[in-house]
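Morning, everyone. Let me put the model up, and then I'll walk you through it.

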Amino acid sequence: MIQVLKNLLLVCLLFLSNAAIAQSDYEMVQSFKERYSKLSGGIKSAASIDDLNNISTEIENLRRDFSEKKEILDQSLYPENFNSSFEALASSVELRRGDFTEIVGLQSEVVILKSEIDVLNKRNNELISQITVLESQRKKDAATINKLQNLVADLRATLIKRDELVLSIVDSLTPKLAGDINLMTEQDKEQITLQVQRNNVLSIVKKSLRDNSRFMELTSLKVDDIVEIKKQQQNFTTMWKKVGPKLVDVYAGKGEKTAELKEIDNLFNIWANKVKRETWESINEEFRLNNIKLQQFTNGNDFTNVIIQFISDEIKNYGVKSKEESEKVFSVFADSVWFKNISSEWMPYLIENNLLTIAQKDEIEKKISEWKSIVVPRDLTLLYVAVAAVFLIGLIIFLAMKKKKDNSTPTIVSENSN
Amino acid sequence: MNLLKFLFTLIIAFYFTSCSTLKLSPAEFGWAIESVLKVDTDGFVKDDRYSISFNVKAMFFEETKDSLSYMDKSIRLIRNNEGFYFMTSPNFKNVYVFTVIQNAFELKEKFLITESGLKKPAFNQRLPFIELIDGEKTYKLTSKGIDGGLK
């Protein structure tokens, strides 16, 4: 009986070995490629280090299962070969492992950043209320202005610091959003959604944008402040352009969150417009502080028109007002405001940011020259002296030549005179 | 006179030796694995790896006597060590062996494998043979025939 069983087993083994021999090399290579491709995709979509460890085990299984076919795979996987294919998988695993290590590190960092942001938010609110109180005072003495300036500088610094922290938190999402969102599994998208919610990312970004917009309304700013804010705005916008559209894709179908992302885009626009508006308001403030009252302007064309109109009115009124008053307005406008502040400080920023063209600047300065020629006419005394001197020299030369001519003419004596 | 004959023979021999065809040998042309190529609507197959493309309508017509039998089909193609191309397809009764001529494949041999037609044929390179598998059956092929021309 045992002998019969042994024989049967032998027949089965022979049958199986024949079946194994009769395998198509092509099918074997296709099967390898299929398993390889699944593992390669698995590495990209791994959601945790545990997933990655499981994939590593499967890679070892694949290597073991096909090691006997190494020779034919070396020839068939051209330009790769058996070993280089596994080296590529191993390096992908290591790279992805690095992402997870970074994510774990960033997650703990985010917790610290969040508490720092809370502290800075509180401090910002205190500063904003102090500035509001000082701004509401009608008369500002030097001490108040000084205090106000310090508070504004302090607030600006904390806002920038808070924005940097917000950027770091948003950056913590970057590794997860690095790949193609369309290739992400629903599980991956859910994880990102959870991370965004847990860290209140959208709320933090919105608060930051609102505070930055509010800061623009608090007080008038110097050109250096505006330049700094513009830079901060560019950094924020660049970061959001990298992450925002991807979050929109992740949230596709989640109406409430999509609306929140649209709101953030809208807040970016509001902030950008407020920076532009604040630039013009701060320039107007420069004139107002010197008792030059101009109409409101919110863009380069308005600004040019308002200034030209103001100068035209002053030219028209010359002679109607007292001469001293006209000269004083010109002097304050041109010397104390235009050439001292606008032309030297604001103009480079305005032109660099395409808020004003060089042609518009030239047009205004030509009008100022015209105004000057009327209000402060050129002193002509020297011209008169020069003309008189030329006339005198001419006269002397004429007389000298006449005398010489008279002396050289021979005297004709009439023969009949005697 | 004998010396002249000898010299003449020597010159003729030297001349023919110089004019003989240049050969690079030995050479091995065998592919490690077969290619499975889908026939397109115009009857062409294309193999990107080996950069070859050719029309298979005539082979399908030869096999089936049906001018449209190539539609939605695929062929199995492998090259043996000597440089001959072996082709077949599911439901073919034969394996076709081709040699390359200018811009064409020329039929060298056609081996009948089974009257009932191959169900799921596949080629393997098993030096010095090309192994044809169909289900559990295997055949050893050379450019001369099955089992080296014994069958």
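First, the terms: helices (H or I, at least four residues) and strands (E, at least two) are DSSP runs, numbered from the N terminus. Chain A has 14 helices and zero strands.

Some ground rules. This is a predicted model, where local features need pLDDT of at least 70, side-chain atom pairs count only at pLDDT 80 or more, and totals for chains, interfaces and linings use all residues. Residues are numbered from 1 along each chain as its sequence is written, and chains are lettered from A and ligands numbered from 1 in the order in which they are written.

Now confidence. pLDDT is the predictor's confidence in each residue, from 0 to 100. Chain A averages 79, and 83% of its residues score at least 70. Residues 10-20 of chain A fall below 50, with one contact in the model beyond near neighbours in sequence. A contact means two C-beta atoms, placed from the backbone, within 7 Å. Residues 412-418 of chain A are also below 50, and that stretch has zero such contacts. Where pLDDT is low, the predicted coordinates should not be read in detail.

On to one helix pair. The axes of α6(A), residues 142-171, and α9(A), residues 223-250, come within 11 Å and cross at roughly 15°. Axes here are lines fitted to C-alpha atoms over the stretch in contact, with angles from 0 to 180 degrees between N-to-C directions.

Who meets whom? From α6(A), the residues include Arg156(A), Ile160(A) and Leu167(A). On α9(A), they include Phe236(A), Met239(A) and Val243(A).
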